[in-house]
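Colleague: I have the sequence and the coordinates open side by side, and I would like to go through them with you point by point. Could you take my questions in turn?

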Amino acid sequence: MGDTGCVHFTTYVKEYGYEPYSYVHGYFSACINKEARLQKALSCLCYKCGNSGPQLYCCLHCIYFACKGAHINEHYKHTKHYMALELCYGMLYCYQCRDFIYHNKCQTIAERHLWLEARSLDKSLSWRPWSPSRLEIDLLLKNPKRRHVTALTSIGLRGLLNLGSTCFMNCIVQALIHTPLLRDYFLAELHECTSKTAAKCLVCEVSRLFQEFYSGARGPLSLHRLLHLIWNHARHLAGYEQQDAHEFFIATLDVLHRHCKISMTELAANAAAAAAAAAAAAAANDKSKSSSNQPNSHQPSQNNQHTGTIYLQQQGTGQQDSLPSLAQSGTNSSALSATGNQAPGTNSATGTANQPDPNPAQCNCIIDQIFTGGLQSDVVCQACKGVSTTIDPFWDISLDLGESSNGQGGYGGPPKSLIDCLERFTRAEHLGSSAKIKCNTCNSYQESTKQLSMRTLPIVASFHLKRFEHSSLIDKKISTFISFPAELDMTPFMSQKKSDQQQQQPQHSPSSPNFNERTGGGANGSSTGSSLNSDEGRNTTAHQHGDSDTADFRYSLYAVINHVGTLDAGHYTAYVRHQKDIWVKCDDHIITTATLKQVLDSEGYLLFYHKKILEYE
């Protein structure tokens, strides 16, 4: 028995088609909508004893419900209807074979129904193991040789040549190459690009780099093509002078995001054009056909026809309309990156030259799925105690290392750890009289406090320690040691946690006025991130992990980028986790082993943490 079921099911399909299976599974097993759940509650009862379980079978010939065992066996003996569907798990049963059978097309229909059921009930899909596509099966059969990955393997490790002060690019590429989900995406060759844009597509070049890294070769690579593409699409980084690694990281994510959107748009347009052409051809064929058609061969047998059969016949057309293709029903990911000190309602996209995409809420590219989180800003009017909340998307969080600008509450000195930085970043701060905000409830400018928190967290949380301080008087590097953990729990910094803490304090007013900022005073000093339009961030509803009491916010360190030297003469290196508990140091073309202690004792500049537990949708 293969993946197309048994010979008896093949005979059944020739006579009835897949419609009866689709209807029964969609209405009485998966229950794709509210109407299906109602019909299951009313109709899904054993026709012999009237019970609803514990395990019901449905005959796919005449839609007859019966309990497992004697009742369904008796129906088979009287009618010789040999195909049935077990409704609890949605499995096909053949009475001729006396066994459950598997059919790949029925499995595809079932998976689509389960997705529709989850969307209808607003719940997550349960975890399911990976199943290869037909293309992947063919590739596995054509390439039987497998690479055996051991603890000491060097597969995935390649040095990168320094093309002249390009160490900033090399360390960012090493961090991206060792991002697990990004690696899985590109090694699975999931990126599709049209021939018109492939030559200038940065995503295609990154995909090629992943293939090079995991080819098994050991020689160092040259990133001249990647550098050229970055120069063309982020001209402020063009030139051979040393650049900031953080700025290069944000610019790279932005270009990758834009090129993913371009590819997705063009592929969708091509698919729509092909569908329109196919529809036009089908319409032309229909006109040329004779008006007399053959009788419907998919009608169930009239023997022992019950109310379930009549109901499904009546609901046939509506059922098909309610089962859209899974490819047409994608979910939106979180929006892009946001600022840490942006006032609510302020459009930061108009104030900076090289801003990311202003409409990120409509994108579901791999960059958004991995790196995007939501930053919540709560501004409280000190007069009426009304709260105004906005949510901004972000790619990373920039953390200030200088003296605290607000000595009221907490410590006023410089932070000593990543936890200190996050506590300062998310604590409430009085904006002062110089940064009054107009409260629509009070109808006047009022002093206020502002507090930032993490509304949603990305799969990869990246933190930028602001070691380079630029002012009108002097530019300097802050070389203070900032400790950071190998395992990080972000729960104390989530919006839900902060809200619970505030609910324990007395609330003076339930009003929620709108605020308009008059002067630019950011919370928590100059702790910033890469910003986008905050209004777009409000529309971001996907990946709302922060609203779940059962969500897990634990992260594991997997990459650290360091800057050694001074502001004028420095060098970037990177530590990356190659495998579990195995770290390596990447210094351009030189790759050496490292210990976790060396990683944690390093002078971190960019820190990359990966979520330990992923929520499936």
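What follows is a set of questions and answers on this predicted model.

Colleague: How many disulfides does a search of the whole structure find?

Modeller: In general, a disulfide is a covalent bond between the sulfur atoms of two cysteines. Take C171, which counts as buried at 2% relative accessibility: the cysteine sulfur closest to that of C171 belongs to C167 and is 6.7 Å away, too far for a bond, because a disulfide needs the two sulfur atoms within 2.5 Å. The search of the whole structure gives a number of disulfides of 0.

Colleague: Is C106 buried or exposed?

Modeller: The relative accessible area of C106 is 2%. Since buried means under 20% relative accessible area, C106 is buried.

Colleague: Which residues of the largest nonpolar core touch the most other members?

Modeller: In soluble globular proteins, nonpolar side chains tend to be buried together. The largest nonpolar core here has 62 residues, and apart from it lies another core, of 39 residues, with Y21, L56, L85 and L92 among them. In the largest core, the residues that touch the most other members are I172, I367, F371, I561, Y572 and F608.

Colleague: Leaving aside its neighbours within four places in sequence, which residues is F608 in contact with?

Modeller: F608 is one of the residues that touch the most other members of the largest nonpolar core. With sequence neighbours within four places set aside, the contacts of F608 are A175, F249, V460, A461, S462, S556, L557, Y558, A559 and I561.

Colleague: At roughly what angle do the axes of α8 and α10 cross?

Modeller: The two axes, of α8 (residues 180-187) and α10 (residues 202-213), come within 9 Å. Where the helices meet, α8 contributes L182, R183, F186 and L187, and α10 contributes V203, V206, S207, F210 and Q211; by class this contact has 6 nonpolar, 2 polar and 1 charged residues. The axes cross at roughly 95°, which means that α8 is roughly perpendicular to α10.

Colleague: What is the C-alpha separation of G5 and N104?

Modeller: G5 lies in the segment before α1 (7-16) and counts as buried at 10% relative accessibility. Beyond its neighbours within four places in sequence, G5 is in contact with Y102 and H103. G5 and N104 are 99 residues apart along the chain, and the separation of their C-alpha atoms is 8.0 Å.

Colleague: Which residues does T592 touch, not counting those up to four places away in sequence?

Modeller: T592 is found in strand β21 (residues 590-594) and is partly exposed, with a relative accessible area of 37%. Its C-alpha atom is separated by 9.6 Å from that of Y575, 17 residues apart along the chain. The residues that T592 touches are V584 and K585.

Colleague: How many residues apart in sequence are L567 and E469?

Modeller: L567 has its place in the loop between β18 (554-565) and β19 (570-579), where it counts as partly exposed at 29% relative accessibility. Leaving aside neighbours within four places in sequence, L567 is in contact with F468, H470, D475, K476 and K477. From C-alpha to C-alpha, L567 and E469 are 9.4 Å apart in space, and their separation in sequence is 98 residues.

Conventions:
Residues are numbered from 1 along each chain as its sequence is written. This is a predicted model: local features need pLDDT of at least 70, side-chain atom pairs count only at pLDDT 80 or more; totals for chains, interfaces and linings use all residues. Side-chain values use heavy atoms; hydrogens and water are left out. Buried means under 20% relative accessible area, exposed over 50%, partly exposed in between (1.4 Å probe, protein chains only). A nonpolar core is a set of buried Ala, Val, Leu, Ile, Met, Phe, Trp, Tyr and Cys residues joined through side-chain atoms within 4.5 Å. Contact means heavy atoms within 4.5 Å. Axes are lines fitted to C-alpha atoms, for helices over the stretch in contact, and angles run from 0 to 180 degrees between N-to-C directions. Helices (H or I, at least four residues) and strands (E, at least two) are DSSP runs, numbered from the N terminus. Angles under 35 degrees count as roughly parallel, over 145 as roughly antiparallel, 65 to 115 as roughly perpendicular and the rest as oblique. Ala, Val, Leu, Ile, Met, Phe, Trp, Tyr, Cys and Pro count as nonpolar, Asp, Glu, Lys and Arg as charged, and the others, Gly among them, as polar.
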